Amino acid sequence: MSASWKQLFFQILLLVVSCRHTNTKTTGPAPSPLVPITPLPTDVRRAVVRGESHTEKVELLNPVSLELDCTWTGNHHKLPNITGSWRKDGDEIENSRLTVNLENEQYNLRQMFNIVSEENLGNYSCVFGSEAKIDFVLAAPQMGEVRDKPIVSYVGDSVVIACKMEVLKPKPSTWNWYKANGTDKEQIFPAAEPHRYEIKNEEWKTKLVVHNLTEIDSGLYYCGAVYAISTTMSHVELKVISFTEPLKPFIAIVVEVIILVAAILLYERSQSRKNNTAGNATNDQTNTLTQGENNGSEGGSSMRQRKV
């Protein structure tokens, strides 16, 4: 076999081997695993209105598929049907209008809502025409005790700020603390500043300890009771002052007293000067008159002597 045939045979053999090892199967993106969907627990809340309005408070802890059931006993007209609708926070929910028929001398509206996050909480209203409505206020457990007056502490000291949920309410899963920064809230992480902050959680209670206070620490502090559905907030105001701050009213009073006493002394001194001046003028006038009288007496005596 010639050299050219050997070279050609060798090239063909290489081509066959390379084709056998080439994978012509197109690889696509790996299919994402199926995420198991756990159905939400269901709950039903019912309310009846016999007048024009009624409010029902609904306390939620976890995401839920919530059915709201409204019943209106109607008025004296008892129309065979009316228009019903649903609203959230005052705005009508899209495609919620429907005709409600009079059944058993009353009107009934019901709707299912998936409440899965804080955005789904709020005021849900079932509206019966323009005649009546029922408000369902959906919220996480609220803190009943709110401090109105600020906590006052001094520069360089430590202060304890406390929040608590009523024992009759469900226990929060944990607590968070925030400090107001303008219109925002900045979460406080004690691990980042252990020399400044300390958080102590005790089931229904929480305490924030702030060390080495400065005047910059003044402001609003928010405690958050964390539930699966939402975080309930309350706030406490902290006012940090210097040790001279309580003395300022006393100092102001002392200054006012000193100014008043000085004014009185100046007035008395000026009056004394006026009196002295008036007294000297009176004495001079008296002396002048006395001298004139003496001169007049002497002149009269000499005239009488001449006549004699």
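C70 and C126 form a disulfide in this predicted model, with their sulfur atoms 2.0 Å apart. The pair links distant parts of the chain, since C70 sits in strand β3 (residues 64-72) and C126 in strand β8 (residues 122-128), 56 residues apart.

**Disulfides**

- What is the handedness of the disulfide between C70 and C126? The torsion about the S-S bond of C70 and C126 is about -105°, so this disulfide is left-handed, and both of its cysteines, C70 and C126, are buried.
- C163 and C223 form a disulfide as well, and their sulfur atoms are 2.0 Å apart.
- C163 belongs to strand β11 (residues 159-164) and C223 to strand β16 (residues 219-226), so this pair ties together parts of the chain that are 60 residues apart in sequence.
- The S-S torsion of C163 and C223 is about -80°, and therefore this disulfide is left-handed.
- C163 counts as buried because its relative accessibility is 7%, while C223 is buried with a relative accessible area of 0%; the cut-off for buried is under 20%.

- Strand β3, which holds C70, takes part in an open sheet of three strands, where the order is β1-β3-β7 and the pairing is mixed.
- Why is one side of β1 and of β7 left without a neighbour in the sheet? β1 (42-49) and β7 (107-115) stand at the edges and each has a single partner strand, so one side of each is left without a neighbour.
- Neighbouring strands of this sheet are turned against each other by 15° on average, with direction ignored.
- β3 and β7 run antiparallel and are joined by nine bridges, and within this pairing V64 stands opposite I115 in β7.

- Strand β12 (residues 174-181) pairs with β16 in the antiparallel sense over six bridges, and Y178 has Y222 in β16 as its bridge partner.

- Strands of a sheet pair through backbone hydrogen bonds, and the pairing is either parallel or antiparallel.
- β14 and β15 form a hairpin with two residues between them, and E203, which lies in the turn, has a positive phi of about 55°.

**Positive phi in two loops**

- Most residues other than glycine have a negative phi.
- K78 is not a glycine and yet has a positive phi of about 55°; K78 lies in the loop between β3 and β4 (81-88) and counts as partly exposed because its relative accessibility is 27%.
- N95, which is not a glycine either, has a positive phi of about 60° and is found in the loop between β5 (91-92) and β6 (98-101).
- Is N95 buried or exposed? With a relative accessible area of 75%, N95 is exposed, because the cut-off for exposed is over 50%.

- I253, V257, V261 and L265 make a nonpolar surface patch of about 350 Å².
- V257, one of the residues of this patch, has its place in helix α2 (residues 248-307) and counts as partly exposed because its relative accessibility is 46%.

Methods: Residues numbered from 1 in each chain as written. Predicted model: local features only at pLDDT ≥ 70, side-chain atom pairs only at ≥ 80, totals over all residues. Heavy atoms only, no water. Patch = residues over 30% accessible without salt bridge, like charges linked within 9 Å, V, L, I, M, F, W, Y side chains within 5 Å. Areas by Shrake-Rupley, 256 points an atom, 1.4 Å probe, with all protein chains shown as cover. Salt bridge = Lys/Arg side-chain N within 4 Å of Asp/Glu carboxyl O. Helix = DSSP H or I, 4+ residues; strand = E, 2+ residues; numbered from the N terminus. Buried < 20%, exposed > 50% of the residue type's maximum accessible area, 1.4 Å probe, protein only. Disulfide = S-S within 2.5 Å. Pairing = 2+ DSSP bridges. Axes fitted to C-alpha atoms, helices over the stretch in contact; angles between N-to-C directions.
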